[in-house]
Amino acid sequence: MLSQYALIAVLAIIAFALPVVGLLLAWLLRPHKPNPMKNSTYECGMETIGETWVQFKAQYYLFALVFVAFDVEAVFVFPWAVAYGKLALYGLTEMILFVAILLGGLMYAWRKGALEWQ
Amino acid sequence: MNYLRDFFVNLAHSWTAWLAGFLPGWAVSLIDYVIVAVILVMMPVIATLTLTWMERKVIGRIQNRIGPNRVGPWGIFQAIADAVKMLIKEDIIPDRADKPVFNLAPVLIAAAAMMLWGVIPFGRRMIGADLNIGALYIVAIGSLSTVAIIMAGWSSNNKFALIGAFRIVAQLLSYEVPMVLSIATVVLLVGSMRMGQIVEAQTVPFILVLPVVFIVYTLCGIAETGRSPFDLLEAESEIVAGYFTEYSGLKFGWFYIAEYGNLMAISAIVTTLFLGGWRGPGAAFAPVLGPIYFAIKVVLVVFLLMWIRGTWPRFRIDQMLQFAWKVLVPAALANLLWVAIMLKLPAPVAVQYVLMLAGNLVILFTALTLLGRAAKRVVAQQEAKQQAESGLVAA
Amino acid sequence: MEAVAFAILAVVTLGGAIMVVLSQNLMRSALWLILSFFGIAGFFVLLQAEFLAVTQVLVYIGAISTLIIFAIMLSRNFMDPSEPRFNEQWGLVGGFSALLFIGLATVVTRVAWPVSAGLPPADAIQRLGIDFVTAYAVPFEVASVLLVVSMIGAIIIARDRE
């Protein structure tokens with residue numbers, strides 16, 4: 001099994017190396033004439049107004065948080081799914097309970113408006 | 001003749017045996033790995049060269065125009081012209097941008113697109129690495145793109161890039177949950193996460209057994225690649241170019257390659273999970289036909305995705321996120337539990353499959369009915385608001 | 001061969017962890033942390049616990065790192081490198097850290113950890129799944145309750161702010 005991961009490691013090395021090589025090649029080929037106009041930040045063709053920092057809405061954080069909960073749930077589902085053939089009926093009921101609890105959480109988030117965008 | 005029946009695998013064996021004649025074991029393995037890795041790493045590049053042309057032609061025809069036709073016959077060299085252009089354009093790094101992170105982001109996202117191909121089964125025993133956790137590996141590599149996008153948006157030192165990055169990350173996270181749950185449903189049906197085994201288990205292609213899971217996964221796949229109708233972030237009229245506004249030249253090119261590589265990868269995964277991968281008439285007898293069937297199916301799925309891009313209107317971001325959490329996640333969970341219940345029924349497999357199909361259609365019908373009612377409610381609310389406003393104005 | 005892989009992964013993990021602390025930019029610290037997580041995933045692969053490796057990437061790097069970065073964004077002044085690196089209390093804190101390090105090192109090296117002799121079985125994931133619903137059923141259900149509780153708690157706190 002480790003040999004499979006050796007392939008993945010080689011794949012990772014080459015996958016990271018290829019863009020780097022490509023970028024080096026482009027660096028050799030392209031012109032390099034910086035001037036302040038070109039280097040300034042793009043803001044719809046005007047000068048930048050105000051600090052480059054935006055008020056970060058708590059909404060993004062809530063989405064990420066609900067995502068963490070469901071991501072972990074999904075990870076729990078996979079070993080159960082692989083072993084399902086060997087489980088008796090209690091395997092099914094326990095997973096139903098697990099999913100029901102999480103659906104309850106989703107319902108709560110829904111009702112409290114955590115899933116709205118505004 | 002026998003050699004030709006399983007041509008690619010036999011070729012690999014002959015090559016390895018020849019190498020082993022004069023090289024130690026580890027060197028042979030290393031050379032084999034490097035060759036396979038180079039082939040796999042080329043897939044997103046090939047995807048970009050071919051699919052960009054295909055997309056511009058298909059969308060062009062949908063929009064009743066011809067698409068590129070100047071550079072070579074039917075414009076097939078258009079992609080090469082674009083590639084040369086990207087190579088020689090000046091690379092502008094904005095002031096006060098975080099240079100190392102700025103340069104690393106395109107590398108990371110391109111690398112993720114390439115690593116995805118390591119577990120895709122092109123044919124029987126023609127897979128980079130048939131990992132025990134193949135299905136999860138795909139999701140994990142997909143989550144790498146999220147990190148790369150945050151890096152790109154933040155290091156550009158540009159308000160629009162940052163906002164664009166956050167919004168697209170919110171979209172990616174929201175659609176990852178139903179995607180993982182759909183994959184879990186297929187894994188449940190097969191009993192293994194190995195991609196090779198998922199193909200082997202499809203005596204009946206799973207799209208016929210679980211059509212709604214196919215629909216959910218395809219929609220999530222489209223959202224994950226950031227294409228229309230979920231491309232609010234790249235729409236030029238909206239937020240410039242979103243998180244890669246400040247990128248130019250080949251760095252932008254790598255984002256582009258990653259996008260098309262992901263498009264083809266999603267199509268390949270859909271083919272593997274739902275359309276039977278490399279299976280087809282005669283593939284059991286002559287495995288060399290496997291990759292051909294696989295390629296045909298992938299092109300069909302890609303065409304479907306391009307068709308959707310050309311015809312559906314764009315979602316608003318709040319509609320998009322609500323659709324993911326309120327419709328797709330419950331639907332995916334319902335599918336998962338239904339398949340689980342069906343698998344425990346003391347009935348032959350065929351009956352189980354038919355009942356799963358029936359359950360899927362019930363879920364689809366329920367979802368559409370509820371969506372229809374919600375839509376009517378929203379329309380009624382808007383009309384009431386309009387009437388109130390016009391009432392106020394008139395009075 | 002494995003020793004070489006172990007050495008490389010150790011450098012990546014520890015180097016990333018050190019840079020998390022040394023970096024002055026909070027955002028860069030988060031990125032070094034992600035590199036460290038990759039190193040840990042590599043260790044899991046070396047131990048032939050592939051499910052744990054892919055869970056590490058999927059949950060820690062895919063979800064929790066994003067959450068950390070969003071939390072960093074929520075706080076102000078995260079890009080202020082003009083603040084002094086060391087404040088007045090660095091002597092005291094350094095002393096405590098050294099004590100903690102000695103304590104942990106003693107525990108790690110002296111305790112007889114139960115080490116299994118062989119490799120994980122070939123059907124490790126299946127056995128994990130079976131254990132989830134048989135031997136460890138209660139922790140399994142408690143985990144879902146824990147997830148929901150954390151979700152509800154964060155939603156309450158975040159909504160209160162607005």
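# Close-up views of a predicted three-chain model

View 1. A nonpolar core is here a set of buried Ala, Val, Leu, Ile, Met, Phe, Trp, Tyr and Cys residues joined through C-beta atoms within 7 Å, and a residue is buried if 20 or more other C-beta atoms lie within 10 Å of its own, exposed if 12 or fewer, and partly exposed in between, with C-beta atoms placed from the backbone. The model is predicted, with pLDDT of at least 70 needed for local features and 80 or more for side-chain atom pairs, whereas totals for chains, interfaces and linings use all residues. Residues are numbered from 1 along each chain as its sequence is written, and chains are lettered from A and ligands numbered from 1 in the order in which they are written.

**View 2. The surroundings of Val187(B).** Leaving out residues up to four places away in sequence, Val187(B) touches Phe78(A), Ala81(A) and Val82(A), together with Ala135(B) and Met193(B). Contact means that the C-beta atoms of two residues, placed from the backbone, lie within 7 Å.

**View 3. The contact of chain A with chain B.** Chain A brings 55 residues to this contact and chain B brings 65 residues. On the side of chain A that touches chain B, at least two residues each are supplied by α1 (2-29), α2 (36-39), α3 (58-83) and α4 (89-111) of chain A, and the largest share, 18 residues, comes from α1(A). The residues on this side of chain A divide into 39 nonpolar, ten polar and six charged, where Ala, Val, Leu, Ile, Met, Phe, Trp, Tyr, Cys and Pro count as nonpolar, Asp, Glu, Lys and Arg as charged, and the others, Gly among them, as polar. Chain A as a whole has four helices and zero strands, and buried residues make up 41% of its 118 residues.

**View 4. The contact of chain C with chain B.** Here 14 residues come from chain C and 17 residues from chain B. Both α2 (26-46) and α3 (50-74) of chain C supply at least two residues each to the side of chain C that touches chain B, and α3(C) gives the largest share of that side, ten residues. By type, the residues on this side of chain C are ten nonpolar, three polar and one charged.

**View 5. The two domains of chain C.** The domain assignment, whose bounds come from an automatic or database source, gives domain 1 (1-79) and domain 2 (120-162) of chain C, and their centres, taken over C-alpha atoms, are separated by 22 Å. Chain C has a radius of gyration of 20 Å, whereas a compact globule of 162 residues would have one near 15 Å; the radius is taken over C-alpha atoms, and the globule rule is 2.2 Å times the number of residues to the power 0.38. The secondary structure of chain C comes to six helices and zero strands, and 25% of its 162 residues count as buried.

View 6. Phe274(B) belongs to helix α12 (residues 249-274) of chain B and counts as buried because it has 26 C-beta neighbours inside 10 Å. Not counting residues up to four places away in sequence, Phe274(B) touches Pro205(B), Phe206(B), Ile207(B) and Phe214(B). Helix α10 (residues 211-225) of chain B has 15 residues and reaches 21 Å from its first C-alpha to its last, close to the 21 Å expected at 1.5 Å a residue, the expected span being 1.5 Å times one less than the number of residues. Since 13 of the 15 residues of α10(B) are buried, this helix is largely enclosed by the rest of the structure.

**View 7. Helix α13(B) and its cover.** The end C-alpha atoms of helix α13 (residues 290-311) of chain B are 32 Å apart, which agrees with the 32 Å that its 22 residues should span at 1.5 Å a residue. Among the buried residues of α13(B) are Tyr293(B), Phe294(B), Lys297(B), Val298(B), Val301(B) and Arg309(B). What covers the buried residues of α13(B) includes α3 (25-62), β1 (121-123), β2 (126-127), α10 and α12 of chain B.
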